[in-house]
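Q: Can we go through how the helices and strands pack in this one? I'd like to start with a pair of helices and then change topic.

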Amino acid sequence: MNKRKFLQTLLATGSVVLVAKRYIPAGTPAPAPDTTPRTLAAPAPSAAMPAGLNPTLEAATAKEEFELMMQQESELRPGFKHSERAQTGEVMMQQLPNETVDQYLEKIRNYDHTFASDIYLRDANTKLLVPTIARLDRIQSFVGHANFNLISFEEILYFARNYPEIGKFEKTEMDFMDEIFHADATTYGFFGEKITPDIKHRILQKDVVKIDGTGHYLMRGESLTHYQQIHKDVGNELTLTSGIRNNVKQLHLFLAKTFQSEGNLSRASRSLAPPGHSFHGVGDFDVGKVGMGEQNFTADFAATKEYRRLINLGYVDIRYTDTNKFGVRYEPWHIKIENDSVAHCSHGSSPCTA
Ligand SMILES: [Zn+2]
C-alpha cells in the first residue's frame, strides 16, 4: 500500500480529522469531526542529521559491505566506535544482501523520508490503526502515563474488558496488534534482535523504581545505578526522558509513529524499534536536557553541553550510533545498558533484571 492509498483508506473510515485536515484535496468535503480524545503528537520537526560518512561503495557482497563500513570507524568520534561496543546477538549486515552500505546509511540518516522499497500497512490494518491507537490512548489516560510504561498485554485486555469508558478490544484489533507484534521486522528494514519476544512479557513493580519528577521508571540494578551516576556527573540539567517500556507501550508508540508516517512501517521503524525489539524493555533508557521537551529526541540534543559532558564521561555507551546496524536513526539520547540476561527474557513471566 502506498501513501495515497493509505490516506484514501483512512478517509474512507471517516474517522480521521487529524489526517483529513492536512491531506484532503480542496473541494472535498471533510468527514464529520471525530470527538475521540487523542494524544497523538504532531511529528517532531525533522532535524538535520549530523554530517558524517558518505561512503560511495560498490561492495559485491554483504560481508564486504560490512567490513567497509567498519573501516569508516576511524572517522568516528570517541564513544561512537561500534567495534568497541560489540554485543552478542547483534544482527549482522549479511541481512542486507541487496543494499549497499551507502544506501543503507542514506536511509537511517534520512529516516523520516520515504523510500521506494518501504513497506506499508495493508488495507485491512490501515482501517484498524486509528481505533486501536484510540483505545490504547484511553487505557493510557485511565492508568496514567507512568503506569502505562509498565503495563502488560493481559492487563490492557483486563482494563478494556472491565471499563466501558475504554471498551473491549474488537477481535480485529486484537489480531492487528498480534500481527504487528509478531511481524518479521527485517522486512521493514529493521535489523535489531527481538528482545522481549513474548507479547505477554511482564515487568513487576518490585523490580523497578520511579524516578521523581520524570513519570518514568528504571530497572533496579545496573540501569538505576548507571542513571544515578550519570545524573550526578552531568548535573541537574540532565533528566530521564524515557525509562523502562514494556511491549504495550512500545506497540502504542510504534502504531502512533506508523500513523504519523502515513502507514509506512519502514519509515516508522527507522525512528523507533518495533514492539518486542526495544532495549527499553530490559534496561536501556533515554536522557535529555531539562526544558527541551520533544526536542530532546532530535539531533539537537547532541548540540547541548549536557550531551558533551555525557559523552566525555568515558563510561557511557550510545545504543544507536550514526552508523548503527539496526536500521534505526542516530539516537544520541539513548543510553545502552549491557544486559547479559536478555536471553532469559523470552519466557515473559518474570522481569529481566540486569
Ligand atoms: Zn530510547
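**Helix packing and a sheet**

A: In this predicted model, helices α5 and α10 lie oblique to each other, because their axes cross at roughly 140 degrees and only angles over 145 would count as roughly antiparallel.

Q: Where do α5 and α10 sit in the chain, and within what distance do their axes come?
A: Helix α5 covers residues 123-143 and helix α10 covers residues 247-260, and their axes come within 10 Å.

Q: Is the crossing of α5 and α10 left-handed or right-handed?
A: The crossing in which α5 passes α10 is left-handed.

Q: Which residues make that contact?
A: From α5 the contributors are Leu-129, Thr-132, Ile-133, Leu-136 and Gln-140, while α10 brings in His-252, Leu-255, Ala-256, Thr-258 and Phe-259.

Q: And how do the residues of the contact of α5 with α10 divide?
A: Six of the residues in the contact between α5 and α10 are nonpolar and four are polar, with no charged residue among them.

Q: OK, switching to the sheet: what is the order of its strands?
A: The sheet is open, with three strands in the order β3-β4-β5 and antiparallel pairing; β3 (238-242) and β5 (334-335) are the edge strands, each pairing on one side only.

Q: How many bridges join β4 to β5?
A: Strand β4, residues 285-289, is joined to β5 by two bridges, with the strands running antiparallel, and Phe-285 has Ile-335 of β5 as its bridge partner.

Q: Which helix packs on the sheet?
A: Helix α9, residues 222-234, packs there and touches β3 and β4, its direction making about 145 degrees with that of β3.

How values were computed: Residues are numbered from 1 along each chain as its sequence is written. This is a predicted model: local features need pLDDT of at least 70, side-chain atom pairs count only at pLDDT 80 or more; totals for chains, interfaces and linings use all residues. Axes are lines fitted to C-alpha atoms, for helices over the stretch in contact, and angles run from 0 to 180 degrees between N-to-C directions. Helices (H or I, at least four residues) and strands (E, at least two) are DSSP runs, numbered from the N terminus. Angles under 35 degrees count as roughly parallel, over 145 as roughly antiparallel, 65 to 115 as roughly perpendicular and the rest as oblique. A crossing is left-handed if the near helix is turned anticlockwise from the far one by less than a right angle, and right-handed if clockwise. Two residues are in contact if their C-beta atoms, placed from the backbone, lie within 7 Å. Ala, Val, Leu, Ile, Met, Phe, Trp, Tyr, Cys and Pro count as nonpolar, Asp, Glu, Lys and Arg as charged, and the others, Gly among them, as polar. Two strands pair if DSSP finds at least two bridges between them.
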